[in-house]
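Trainee: Could we go through this model together? I'd like to know what stands behind each label.

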Amino acid sequence: MRTIPEIESLEIEFKSDLKCYPDHDLIEEIVGMANSAGGFLFLGVEDDGVITGVHKKHKDAIGVTALIANSTVPPISVRAEIIMEENKEVLKIEVPRSRGVVSVASGKILRRRLKVDGSPEVVPMYSYEIPSRLAELGMLDYSAQPLTGATLDDLDPNQRTRLRRIIQNRQGGEKSLLTLPDEELDMALRLITNVAGNYVPTVTGMLLIGKEERIAELIPAARSAFQVLEGTTVRMNEESNKPLLEIFENYETYVKAWNPERETEYGLFRVPIPEFDWAAFREGLVNAFCHRDYTILGAVRVLIDDEGLIISNPGGFIDGVNLKNLLTVEPHGRNPALADVMKRIGLAEKTGRGIDRIYEGSIIYGKPWPDYSESTSRNVKLFIQRAKADLPFAKFIADEQNKQGKPLSIYALMILSVLRSEGRCTLEQIAEISNLSEKKVRSAMVGMTELGLIEASGKGKNRVYIIRKKVDWKSREASQYDCQTDIDSIRYPELVMKLANTQNGIVTKQDVVELLNVTPEQAYTVIKKLKEEGRLELLCGGRYSKYKVVEF
């Protein structure tokens, strides 16, 4: 069985060694990988994935490791080993992601990127890109730096008045800041800093209360855009370099106009349920502003279309953050000074766990979870899908939180959401779907069982969990629901295969949603089962993924 990947990617590189790959070029490839995401370099594999074997000069793995360490500054410590693949020897080099910026011994700095066709290449890392790399690694707070060319006259008194109003009106704003005179307020929030005895604006100061024309001149990357599309018709398209406080308030106003609410009865009250949860939008917008890379051109973009809401920003996830640990990684950002101001004036979650609010905003209404899957190494994209609320589930969550007198934890909400869509799951299945560790899932489920939120049956690894039986989402008896779930697990895959065969062997998740009248999460579970059985395979990825029938 082949263990070497079939194709190259940002983290996988193949190099032919038939003619003895030059050591100088090998070092440059290693430096490029270390300054990017790290990964594996396979020496003895052609670009098309054909294994041809390593040259005898490179069969000394220890020698290659020493060569790399001695030819890089600071030294890169790689792991190298000879592996056998298809009866040929290949040198496998594991390259760690650098905790700083590394170069070849001559001082040349490189990084790795993907070309338009998706294949990787190594290119120079220019001086202006180094601050971005250091900020990504948490070694530099770009937002706290004095802004070259800026003076105190570039700060707008009207925006400072806006700042004070936000502190006064927002829950969580530090009211003690309002007693400070302007200069002390600016110093307390690190909007200005002392340079050689003179106060000058920081990047944070200009971003928040700078004059628009000076922001455009001094921080041209600090652009933002708000767009609304209905079909292919553009209903709104506004771009600007306005200071962030003004942008934030403007976008809040815009979203209210494009975020319809549906009222539902809850006891004696009528409760509005918005298309997009307000707290989720606010935290998504704050994250985009606070975590974007202000050293590269691009714009924070808010897009509302027929599919849903997208908030995107230049700059990928910072070091240590990925799609699988978004909800569990320790809070840290690319621009700590800017994020700190947002918390202190009441615009951001003070604990730094705004991501919890983003997920909670969808889960409590029984809607699909927020989707970050289209994020890349250069861009973070949050997608919140338009979907009808599951009102019985939303009422169930509200009742439980009122009963306990406090909100359910994000882990409990995620587990309930998984069980709502899947019907019944083992602990391992819940951990896999939610991207939570089994330890966290087990701990949360102990408390949920004690509260009577979930029930368990079976033993050991076959132990399955369901939401307590008296909860009935579809107005059916619990026994009927359990029976139907078992029947559906057998019937659904066959219906999907039948549909795919009538569509030239192609099917999408949306096709499955419409065919079976299920949620997108349930549709994906059916597709995943068919993939595991080898009956379907992924044809193309992304939000509109297509799956192809496997021919036998």
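Trainee: To begin, in which helix is Asp186 found?

Mentor: Asp186 is found in helix 5, residues 182–188. Helices here are DSSP runs of H or I with at least four residues, strands are runs of E with at least two, and both are numbered from the N terminus. Keep in mind that this is a predicted model, where local features need pLDDT of at least 70 and side-chain atom pairs count only at pLDDT 80 or more, while totals for chains, interfaces and linings use all residues. Residues are numbered from 1 along each chain as its sequence is written, and side-chain values use heavy atoms, with hydrogens and water left out.

Trainee: Is Asp186 buried or exposed, and how do you know?

Mentor: Buried means under 20% relative accessible area, exposed means over 50%, and partly exposed is in between, with a 1.4 Å probe and protein chains only. Asp186 has 4% relative accessibility, so it counts as buried. Leaving aside neighbours within four places in sequence, Asp186 is in contact (heavy atoms within 4.5 Å) with Leu155, Arg160, Leu191, Ile192 and Ile209.

Trainee: What makes Asn87 exposed, and where is its place?

Mentor: Asn87 has 76% relative accessibility, so it counts as exposed. Its place is in the loop between strand 4 and strand 5 (88–95). Asn87 also has a positive phi of about 65 degrees, although it is not a glycine.

Trainee: And why does Asn435 count as partly exposed?

Mentor: Asn435 comes in at 32% relative accessibility, and therefore counts as partly exposed. Asn435 sits in the loop between helix 14 and helix 15, and its phi is positive too, at about 65 degrees, although it is not a glycine.

Trainee: Which residues of helix 14 are buried, and what puts them on the same side?

Mentor: In helix 14 (residues 427–434), the buried residues are Leu427, Ile430, Ala431 and Ser434. They cover an arc of only 100 degrees around the axis, so they are on the same side of helix 14. The arc is that of the directions from the helix axis to the C-beta atoms.

Trainee: Why is helix 13 called roughly perpendicular to helix 14?

Mentor: Helix 13 and helix 14 pack at an angle of about 105 degrees, with their axes 10 Å apart. That angle makes helix 13 roughly perpendicular to helix 14. The cut-offs are under 35 degrees for roughly parallel, over 145 for roughly antiparallel, 65 to 115 for roughly perpendicular, and oblique for the rest. Axes are lines fitted to C-alpha atoms, for helices over the stretch in contact, and angles run from 0 to 180 degrees between N-to-C directions. The contact is made by Met414, Ile415, Val418, Leu419 and Glu422 of helix 13 and by Ile430, Ile433 and Ser434 of helix 14.

Trainee: On to the rings: how many aromatic pairs does the structure hold?

Mentor: The structure holds 9 aromatic pairs. Rings of Phe, Tyr and Trp (its six-membered ring) pair if their centres lie within 6.5 Å; planes under 30 degrees apart count as stacked, over 60 as edge-to-face and the rest as tilted.

Trainee: Why is the pair of Phe226 and Tyr254 called edge-to-face?

Mentor: The ring centres of Phe226 and Tyr254 are 5.2 Å apart and the planes are at 65 degrees, so the pair is edge-to-face. Phe226 lies in strand 11 (residues 223–230) and Tyr254 in helix 8 (residues 244–257), so the pair ties together parts that are 28 residues apart in sequence. Phe226 is buried, with a relative accessible area of 0%, and Tyr254 is buried at 18%.

Trainee: What makes the pair of Phe317 and Tyr372 tilted?

Mentor: Phe317 and Tyr372 are 6.2 Å apart centre to centre, with 55 degrees between the planes, and the pair is tilted. Both Phe317 and Tyr372 are buried.

Trainee: How do you know that Lys256 lies over the face of Trp278?

Mentor: A charge sits over a ring if NZ of Lys or CZ of Arg is within 6 Å of the ring centre and within 35 degrees of the ring normal. Lys256 lies over the face of Trp278, at 5.7 Å from the ring centre. Arg420 lies over the face of Phe393, at 5.7 Å from the ring centre.
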